[in-house]
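Reader: I would like to go through this model term by term. Please set each value against its cut-off.

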Amino acid sequence: SHAIVVAVVAMAHMLGMEVVAEGVETVDQHRELASLGCDSCQGYYFARPMPAGEFETLLQQSRPGGPVLLPALANAAHP
């Protein structure tokens with residue numbers, strides 16, 4: 001699977017596309033995907049699905065231009 005991810009990331013970048021990895025669940029997966037050149041990642045590692053109202057509140061509590069601190073990452077060390 002590593003070789004497939006490397007190939008897909010390289011191909012997408014050669015086509016001028018941005019790469020978003022979905023289904024990231026662990027810090028190790030996030031670090032590996034970032035090291036392989038994925039532009040963005042999403043998944044349970046960052047946050048579980050939440051109601052729209054809860055997400056809106058989360059955004060409103062964030063500093064303008066600053067990062068949004070997602071619940072799943074509140075106490076985690078970031079790579």
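Reader: Which residue takes a positive phi just after α1?

Author: G16 does, with a phi of about 75°. The model is predicted: local features need pLDDT of at least 70, side-chain atom pairs count only at pLDDT 80 or more, and totals for chains, interfaces and linings use all residues. Residues are numbered from 1 along each chain as its sequence is written, and side-chain values use heavy atoms, with hydrogens and water left out.

Reader: What makes a run a helix or a strand, and how many of each does the chain have?

Author: Both are DSSP runs, numbered from the N terminus: helices are H or I with at least four residues, strands are E with at least two. The chain has 3 helices and 2 strands. Along the sequence they follow the pattern α-β-α-β-α.

Reader: How do you know that the span of helix α1 agrees with its number of residues?

Author: The expected span is 1.5 Å times one less than the number of residues. Helix α1 (residues 2-14) has 13 residues, so 18 Å should be spanned. Its end C-alpha atoms are 18 Å apart, which agrees.

Reader: Why is M17 called partly exposed?

Author: Buried means under 20% relative accessible area, exposed over 50%, partly exposed in between (1.4 Å probe, protein chains only). M17 has 47%, so M17 is partly exposed. M17 lies in the loop between α1 and β1 (20-21).

Reader: What does M17 contact, leaving aside neighbours within four places in sequence?

Author: A12 and D39. Contact means heavy atoms within 4.5 Å. M17 and D39 are 22 residues apart along the chain, and their C-alpha atoms are separated by 9.6 Å.

Reader: Is Q29 buried, partly exposed or exposed, and why?

Author: Q29 has 34% relative accessibility, so Q29 counts as partly exposed. Q29 lies in helix α2 (residues 27-35). Beyond neighbours within four places in sequence, Q29 is in contact with G23 and V24. Q29 and Y45 are 16 residues apart in sequence and 9.1 Å apart in space, C-alpha to C-alpha.

Reader: Why are C38 and C41 called buried?

Author: C38 has a relative accessible area of 11%, so C38 is buried. C41 is at 18%, so C41 counts as buried too. Buried residues make up 20% of the 79 residues in the chain.

Reader: What makes a nonpolar core, and which residues are in the largest one?

Author: A nonpolar core is a set of buried Ala, Val, Leu, Ile, Met, Phe, Trp, Tyr and Cys residues joined through side-chain atoms within 4.5 Å. The largest has 10 residues, including A21, L33, C38 and C41. Not counting residues up to four places away in sequence, A21 touches L33, C38, S40, C41 and Q42.

Reader: Why is the pair of Y45 and F46 called edge-to-face?

Author: Rings of Phe, Tyr and Trp (its six-membered ring) pair if their centres lie within 6.5 Å; planes under 30 degrees apart count as stacked, over 60 as edge-to-face and the rest as tilted. The count comes to 1 aromatic pair. Y45 and F46 are 4.9 Å apart, centre to centre, with 75° between the planes: edge-to-face. Both residues are buried.
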